[in-house]
Amino acid sequence: MMSFDPYGNPTYFILLFVALLPLMIGLLYGRRSHIYESVISFVFLMLTFGGIKWHTGIALIIYLIYQITLVWLYSRYRQRPDTPNKGWIFVVSVILAIIPLAVVKITPAVHHGASSIIGFLGISYLTFKVVQTIMETRDGTIKEFHPILFGQFLLFFPTISSGPIDRYRRFIKDYDSVPTRTKYLELVEKGVRYIFLGFFYKFILAYIFGTVMLPTVEHAALQAHGLSWALLGVMYTYSMDLFFDFAGYSLFAVGVSYLMGIETPMNFNQPFKSKNIKDFWNRWHMTLSFWFRDFIYMRLVFFMMKHKVFKSRITTANVCYVINMLIMGFWHGETWYYIAYGLFHGLAMVANDAWLRYKKKHQAQIPHNKFTEGFAIFLTFNVVCLSFLLFSGFLDTMFFAARP
């Protein structure tokens, strides 16, 4: 059986558009077939997790049964009229939802780089969806749980491997409705445009920066043995490769979702035009950063303020910034440079807020014009690229890897 990485080669796209054509014709005429959507989802999940990757497919099935059962049980518990919206059952449910991902992430660190047998492509993003569903069920924003619809939400194949991370209620609203012809034609127009832009980003620009340029500047930087212009070249080249590769993938996922009548949220919004680091995280990998903001940062702030851990709101916010970004760093991996990347951005958020408070108090002395905005964008861009150099792991290779 054939096996493909999502959006990895032209054959995948040909099969994809052939499969989507009947669905698109149906939507154009005001009809949505959930049965057909389920069939093509099954086929493309088989292409992703089948063939030589059959063991990851088995892991996915076991994971789905486990998580759907967990959310169903917690939903049943919350629907009882006398159920409190807090307590140990909620905490245990969240921990149980996270355990499979934690095992997958920790296994390479304790078993000399070996991958966990329960791991599969996209387990992080599925776990984020599960955790947010449990939390929103606890908050009362999700009042009913439908196992089949929840399974469709988790297994929505355009986004299963790397996001964007949708929200359950938003997804179900689209999934259970049919857009008007005018609306759907607008979605198709946007979807096709996003897919072609994704091709340009991922298969042209990311190829130029990542395959053509990056090995050359990395070799030059290694030869220089330390700080050099070549290392600066690695910083900028890797940053461009990272952006265009991931933004290209995200455009594919969003574009295909639009063709299916599902308005999956965008993941990037011109992040290198950001005027400060907080603005950057409102533009970069937005569904992930908003997930961390809503389900970790805001809840940490609420918990610390409720229990009066710190007297100062500013101190509370700063501590939560650092914890939030450190968790994001650990999520990427248990290596020093991922953790340092998270700490870097946490401290950058603290410094950013301190500057904004200072600026607000001294508005008369601090000019605000096109030049200062341009400088802010330039400074933010370089700070972000420096963090990406850290994230890349190249500094680990350059300074700590064994020399032949």
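At what angle do helix α3 and helix α4 pack, and how far apart are their axes? The model is predicted, with local features requiring pLDDT of at least 70 and side-chain atom pairs pLDDT 80 or more, whereas totals for chains, interfaces and linings use all residues. Residues are numbered from 1 along each chain as its sequence is written, and side-chain values use heavy atoms, without hydrogens and water.

Helix α3 (residues 54–79) and helix α4 (residues 88–110) pack at about 170°, with axes 10 Å apart; helices are DSSP runs of H or I with at least four residues, numbered from the N terminus. Axes are lines fitted to C-alpha atoms over the stretch in contact, and angles run from 0 to 180 degrees between N-to-C directions. The two helices are therefore roughly antiparallel (over 145 degrees). Their contact (heavy atoms within 4.5 Å) involves, among others, Y63, Y66 and L70 of α3 and F90, L96 and P100 of α4.

Helix α6 (residues 147–154) and helix α7 (residues 168–175) also have axes 10 Å apart, but their angle is about 100°, so they are roughly perpendicular (65 to 115 degrees). L149, F150, Q152 and F153 of α6 meet Y168, F171, I172 and Y175 of α7.

Helix α4 returns in the lining of the largest pocket, where α4, α5 (123–139), α11 (286–306) and α12 (313–332) each supply at least two residues. The largest contribution, ten residues, comes from α11.

Note on methods. Angles under 35 degrees count as roughly parallel, over 145 as roughly antiparallel, 65 to 115 as roughly perpendicular and the rest as oblique.
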